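The following exercises are intended for a reader who is new to this structure. Each task is followed by a solution in steps.

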Amino acid sequence: MRAVVQRVTEGDVTVEEQITGSVGKGYVVLLGVEDTDTEKDAEYLAEKIVGLRIFEDADDKMNLSLKDVNGEMLVISQFTLLADARKGRRPNFVKAARPEKAKELYDYFVELVKSQGIKVGEGVFQTHMLVRIHNDGPVTILLDSNKLF
């Protein structure tokens, strides 16, 4: 499972001209599910992301987590995070999970985050979405449940 975590001052997602999810201070998380992922991958990333200390403390050091700042999380499913573009010019998506499995693990990830007391906004799975991100910093962190980076 892969995630792009962006620290934001605000963000939202629009589907068919309707905002389906929005957040203030917190994270916009783009989440991709790999075909070999399990609930353990979702658990690892949910814990890791909620606990990431990438908000500044009183000394301007990145030392505070999402919980510490009462932050929110907007989660957007994005299978293209599993693209393999090493060969040729057209990305290959064979490692991305099938939609049924991806949706199940995406939903599980969202529930895990909510269970930690975080307000979560969402996109709409398998739709064309417009995501507005006010990246603060900018701060962007790449995570992979297989710890590839």
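How many salt bridges does the structure hold? The structure is a predicted model, in which local features need pLDDT of at least 70 and side-chain atom pairs count only at pLDDT 80 or more, while totals for chains, interfaces and linings use all residues. Residues are numbered from 1 along each chain as its sequence is written, and side-chain values use heavy atoms, with hydrogens and water left out.

**Solution 1.** A salt bridge is a side-chain nitrogen of Lys or Arg within 4 Å of a carboxyl oxygen of Asp or Glu. By this criterion the structure holds 9. One of them joins Arg7 to Glu56, with the closest N and O atoms 3.0 Å apart. Arg7 belongs to strand 1 (residues 2-15) and Glu56 to strand 4 (residues 55-56), so this pair ties together parts that are 49 residues apart in sequence. Strands (E, at least two residues) and helices (H or I, at least four) are DSSP runs, numbered from the N terminus.

**Exercise 1.** Determine how many aromatic pairs there are, and classify the pair of Phe79 and Phe93.

**Solution 2.** Rings of Phe, Tyr and Trp (its six-membered ring) pair if their centres lie within 6.5 Å; planes under 30 degrees apart count as stacked, over 60 as edge-to-face and the rest as tilted. A search of the whole structure gives 3 such pairs. For Phe79 and Phe93, the ring centres are 5.1 Å apart and the planes stand at 65°, so the pair is edge-to-face. Both Phe79 and Phe93 lie in the loop between strand 6 and helix 2, so the pair ties together parts that are 14 residues apart in sequence.
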